[in-house]
Amino acid sequence: MTPPRLAGIDIARGLALIGMFIAHAAPYPDPDAEWIVDGRSSLLFATLAGVSLGLMSGSAEPTAERGRMRQTVVLRALLLILLGLVLWIVPTDIAIILDYYGVMFLLLVPLLFLPRRVLAIVAVTLFVIAPLLADAAQPIVDGATTPALVVVPVEWLLTGYYPALVWLPVLILGLIAARSDLRRVGTQLLVLLGGIGGMLVGYGAAAVVPGVDASAHSATHAEILGSGGFAFTVIGALLLLTGPALGAVGGGLRFALAPVAAMGSMPLTIYTGQILVIASFFIAAGRPFVVYDSWALVVWLIIGSALFALLWRRFVGPGPLEWVMRQLTSPPSLATDRTPTTTT
């Protein structure tokens with residue numbers, strides 16, 4: 001069970017999954033329109049990876065078994081990359097995040113136990129230079145003769161749908177937040193206020209400065225500030241609203257949002273499941289975005305995922321893919337999960 005002080009992490013992850021359901025399966029009357037779920041759900045999902053790795057490795061008191069923890073993270077990253085590549089083959093026309101997610105895990109391994117001050121310097125440095133590198137790398141990906149062995153890593157790191165180096169600053173900030181003890185109300189307030197500040201700067205710049213772009217998947221400084229700020233705003237607000245400081249109100253919200261939290265406790269299972277469900281509609285239709293481009297499917301994905309997650313969590317425990325991941329990657333000394341939330 002997730003402690004009340006950190007129930008907001010599972011809920012935030014569940015909301016990110018619901019946002020991706022909408023982005024993947026909802027009808028878009030205007031194909032050029034951007035909804036709040038576009039880009040922001042996936043960046044929230046990625047930000048929570050940094051938070052989860054921080055919690056898994058000891059939160060404010062990092063584990064002494066650092067070599068084994070790094071080994072666990074590397075193995076999980078490689079399995080995520082493998083699963084992501086398999087899901088790219090499944091016919092859905094959806095941009096799969098799991099392989100990018102695994103690359104982000106790998107990039108965090110050497111940073112996992114650095115002091116918070118050093119992590120902050122790395123995050124700021126990457127924030128400044130990574131979008132510039134992404135712009136410079138685009139001609140490499142666009143080149144007609146560029147081999148796939150070059151294109152794929154460049155897309156993973158800089159130019160793809162979920163560019164790992166460009167997004168890494170928000171994952172690092174998530175790691176810093178976990179190292180600052182997310183059970184503390186003061187830390188939760190800082191996460192919330194920092195997120196609001198990032199949104200104001202990023203989206204504000206896009207609103208008033210000509211040529212500044214904060215749109216989804218633009219990989220710009222403004223997008224990282226705006227959408228990253230959105231992610232931390234959601235995380236901070238949910239931690240505060242569902243924590244014990246609000247007493248009965250927090251308890252009521254935890255109860256009301258228990259289905260969302262259950263989904264968020266098994267994100268790998270739920271994400272993979274929705275890809276397979278959507279693929280079945282793809283195959284039945286014979287072409288993409290015809291049969292399953294509907295709100296009905298979105299609703300059933302949410303209801304089905306919530307019911308499955310609630311029942312599985314109540315009667316079995318960790319999600320099936322999370323259980324497999326843990327068995328394949330956790331050494332015996334780390335077999336008992338350290339983190340209060342289930343991470344991919």
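Q: In which helix is Leu-189 found?
A: This is a predicted model: local features need pLDDT of at least 70, side-chain atom pairs count only at pLDDT 80 or more, and totals for chains, interfaces and linings use all residues. Residues are numbered from 1 along each chain as its sequence is written, and side-chain values use heavy atoms, with hydrogens and water left out. Helices (H or I, at least four residues) and strands (E, at least two) are DSSP runs, numbered from the N terminus. Leu-189 belongs to the helix of residues 185-208, α8.

Q: How much accessible area does the nonpolar surface patch with Leu-189 have?
A: A patch takes residues with over 30% relative accessible area and no salt bridge, joining like charges within 9 Å and nonpolar side chains (Val, Leu, Ile, Met, Phe, Trp, Tyr) within 5 Å. A salt bridge puts a side-chain nitrogen of Lys or Arg within 4 Å of a carboxyl oxygen of Asp or Glu. Areas come from the Shrake-Rupley method with a 1.4 Å probe, and for residues only the protein chains shown count as cover. Val-185, Leu-189, Leu-193, Ile-196 and Leu-200 form this patch, and together they have about 440 Å².

Q: What is the positive phi of Ser-59?
A: Ser-59 is placed in the loop between α2 (40-56) and α3 (66-89). Its relative accessible area is 13%, so Ser-59 is buried. Ser-59 is not a glycine, yet its phi is positive, at about 60 degrees.

Q: What is the positive phi of Ala-219?
A: Ala-219 is in the loop between α8 and α9 (221-242). At 12% relative accessibility, Ala-219 is buried. Ala-219 is not a glycine either, and its positive phi is about 55 degrees.

Q: How many aromatic pairs are there?
A: Rings of Phe, Tyr and Trp (its six-membered ring) pair if their centres lie within 6.5 Å; planes under 30 degrees apart count as stacked, over 60 as edge-to-face, and the rest as tilted. By this rule the count is nine.

Q: How many residues apart in sequence are the parts that Phe-45 and Tyr-101 tie together?
A: The two ring centres are 5.1 Å apart and the planes are at 15 degrees, so the pair is stacked. Phe-45 is in helix α2 and Tyr-101 in helix α4 (residues 98-108), so the separation of the parts is 56.

Q: How many residues apart in sequence are the parts that Phe-45 and Tyr-271 tie together?
A: This pair is stacked because its centres are 6.3 Å apart and its planes at 20 degrees. Phe-45 lies in helix α2 and Tyr-271 in helix α12 (residues 267-285), so the separation is 226.

Q: What is the relative accessible area of Tyr-271?
A: Ring pairs link Phe-45, Tyr-101, Phe-105 and Tyr-271 into a cluster. Phe-45 counts as buried at 0%. Tyr-271 is buried too, with a value of 0%.

Q: How far apart are the C-alpha atoms of His-221 and Ala-123?
A: His-221 is found in helix α9. At 28% relative accessibility, His-221 is partly exposed. His-221 and Ala-123 are 98 residues apart along the chain, and their C-alpha atoms are separated by 12 Å.

How values were computed:
Buried < 20%, exposed > 50% of the residue type's maximum accessible area, 1.4 Å probe, protein only.
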